Number of protein chains: 2
Amino acid sequence: MADAVQPVDAAVPPLGTHAGQSERGSFGDRVAAAVHRRRSQLVLGLDPDPARLWPAALERAGGTEGGPAERAARAVAAHCRLLLEAAGDQCVAVKPQVACFERLGAPGWAALSEVVRDAAEQDLLVIADAKRGDIDISARAYGQAFFGHTATPFGDVEGLGVDCLTVSPLLGRDSLAPLVQAARERGSGVLALVRTSNPGAADLQDRELATGETVSEALAALVDELGAPGVGAAGLSDVGAVTGATAPQRLEVLRTIMPRAVMLLPGIGPQGASGRDLAPAFAPGPAGGLVSASRAIVYAHEADRLPSHPPSSSSPSRHSAAGTPSRAARDEAARLRELIWGLYA
Amino acid sequence: MADAVQPVDAAVPPLGTHAGQSERGSFGDRVAAAVHRRRSQLVLGLDPDPARLWPAALERAGGTEGGPAERAARAVAAHCRLLLEAAGDQCVAVKPQVACFERLGAPGWAALSEVVRDAAEQDLLVIADAKRGDIDISARAYGQAFFGHTATPFGDVEGLGVDCLTVSPLLGRDSLAPLVQAARERGSGVLALVRTSNPGAADLQDRELATGETVSEALAALVDELGAPGVGAAGLSDVGAVTGATAPQRLEVLRTIMPRAVMLLPGIGPQGASGRDLAPAFAPGPAGGLVSASRAIVYAHEADRLPSHPPSSSSPSRHSAAGTPSRAARDEAARLRELIWGLYA
């Protein structure tokens, strides 16, 4: 909400920083290099549910110090670390769902910081799935929280330092600009919600505008525009899109509108998209599409018990996923990595 | 992002809880009672910038324990407490901007919890300005973070326990439903972004759909629909709207579509709406519109130095706002409270 009084420093900063001004290189180039190096487009989703952690995480977290929040947060961090150890080397990035940490309060936020550090140490890109979007000083505060730092009389406070943040474009250009700017300055990027994979996407995103395009297509045009000054040598920009479209023709249209965007896609499998559906994402190259999976990997050891995953004699690789959570996660991640890599090749 | 595998418990809960099932009464009734009791529709925005805290907050926070984040978070909490002490009794609610706390990491989140508790002790409603919006398990996780609790093997972890949360409706009905449900169960509410006050609102919210209404109007219809089962005895529902529309005819249209929604409005004053503009908000009664102000109050002692607040001999009450930050804040809040109360009367 804008207030009656706008302080002098509330102006939205211009999108003046161009890709490559960061010492680390541009986000698009960093994604392209990481995909090439790790031969993977798989993104490990981290949505830890404290009631469904791996048993080994509860053991490893140990100790009885602190209240429920502190203990649960330690266990959540341990669970994510085990998951990283098991499946991290099959992936190019991790995607912590911020809501799952925030519900544990301050200790949850500390666990999130730890997970971000752990993933970075393992050379994984970190995509904070937070779907933030706000205006002027608030947008800049989120930029500080996720990409930058905050000046205080006691010294600078570093933000999470993620490589990428999912953002909501509902509030328009001037709400995204400060986040894009904060990301760009450090070679990071944002992924704007363009077409999500839930049924509710039909309520607004699929609606047709008077000008003929859908809301999603209008958002895609905004993504392309904001990302234009941030296109790196690999041809990918630092403003990407969450495109959970399962209909291949829809993804094709969005790709035409955003030829240089990194697309974050939902997992493939029984209730996700099929391989062919995702093909348009890879038009700019193998790093054009990042495919996320979380529950499919973390609960792979329970796969036979999930109603949406009936045991099937026609998919033998499913059966090798049985066993310990850690081994099952690694096997399932390896299977998905190969499957997705094969889509581009 | 949906994953390939949906666990059994991932279904969106039905919106079965009706207003009044909470022991505290419905959100609409609680807002109506609070507005009546406090004779105020003023919402105190809390957007603490660690670099611009009141000097007394820095003194009060004291101590050199901890790093910059801990010290800044203590000072931020002290600043908010001073602001509450100064201006709280002129207000009906506080609206902490979550981004401003999140940028201080875990200590920032702890400060936010403290501010929520302080405000509740002062009998103020708490509106967390977080603009959250996500799908299925993530939406429910945000519901736990802000309204409910999270089950863990170590006991339940309580969420922030706010009375209201701003939410983003871009992802549609099924993304809002879990948040509405979590709020309704405890007599809390949500305020969905319908028309924000920033220039970027034109990029999407003001666009006309093929069916003739604007995106904002479509969102308003969704607000009315989701709030229908949550209308209390006072005629206000538990799904309200952020309506930063400054054009009176636009607010009038939105009010027609959402006759029972509590509207959160931007501040009135030099760069905000004029009093007459806000009139449609109060059609359902004095609690139909809540008017937020943050910088106008917290920086009231600097009012003369702000370019948008030129000293003017025609507004003598402005001049009484000079003096200590605390006194200036109280005077400005009192002035705004009366001004807004007068709009309805």
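My notes on a helix pair and its chain follow.

**Setting up.** I am working with a predicted model, where local features need pLDDT of at least 70, side-chain atom pairs count only at pLDDT 80 or more, and totals for chains, interfaces and linings use all residues. Residues are numbered from 1 along each chain as its sequence is written, while chains are lettered from A and ligands numbered from 1 in the order in which they are written.

**Chain A.** I found 13 helices and 10 strands (DSSP runs numbered from the N terminus: H or I, at least four residues, for helices; E, at least two, for strands). Of its 345 residues, 64% are buried (20 or more other C-beta atoms within 10 Å of a residue's own, these atoms being placed from the backbone).

**The pair.** How do H3 and H5 of chain A pack? Helix H3 (residues 68-87) and helix H5 (residues 105-121) meet at about 20 degrees, their axes 8 Å apart (lines fitted to C-alpha atoms over the stretch in contact, with angles from 0 to 180 degrees between N-to-C directions). So H3(A) is roughly parallel to H5(A), a term for angles under 35 degrees.

I checked its length: 17 residues at 1.5 Å a residue should span 24 Å, and the end C-alpha atoms are 25 Å apart, which agrees (the expected span is 1.5 Å times one less than the number of residues). Its buried residues include A:Trp109, A:Leu112 and A:Val116. After H5(A) comes A:Asp123, with a positive phi near 65 degrees.

Methods
Parallel < 35°, antiparallel > 145°, perpendicular 65-115°, else oblique. Buried ≥ 20, exposed ≤ 12 C-beta atoms within 10 Å, placed from the backbone.
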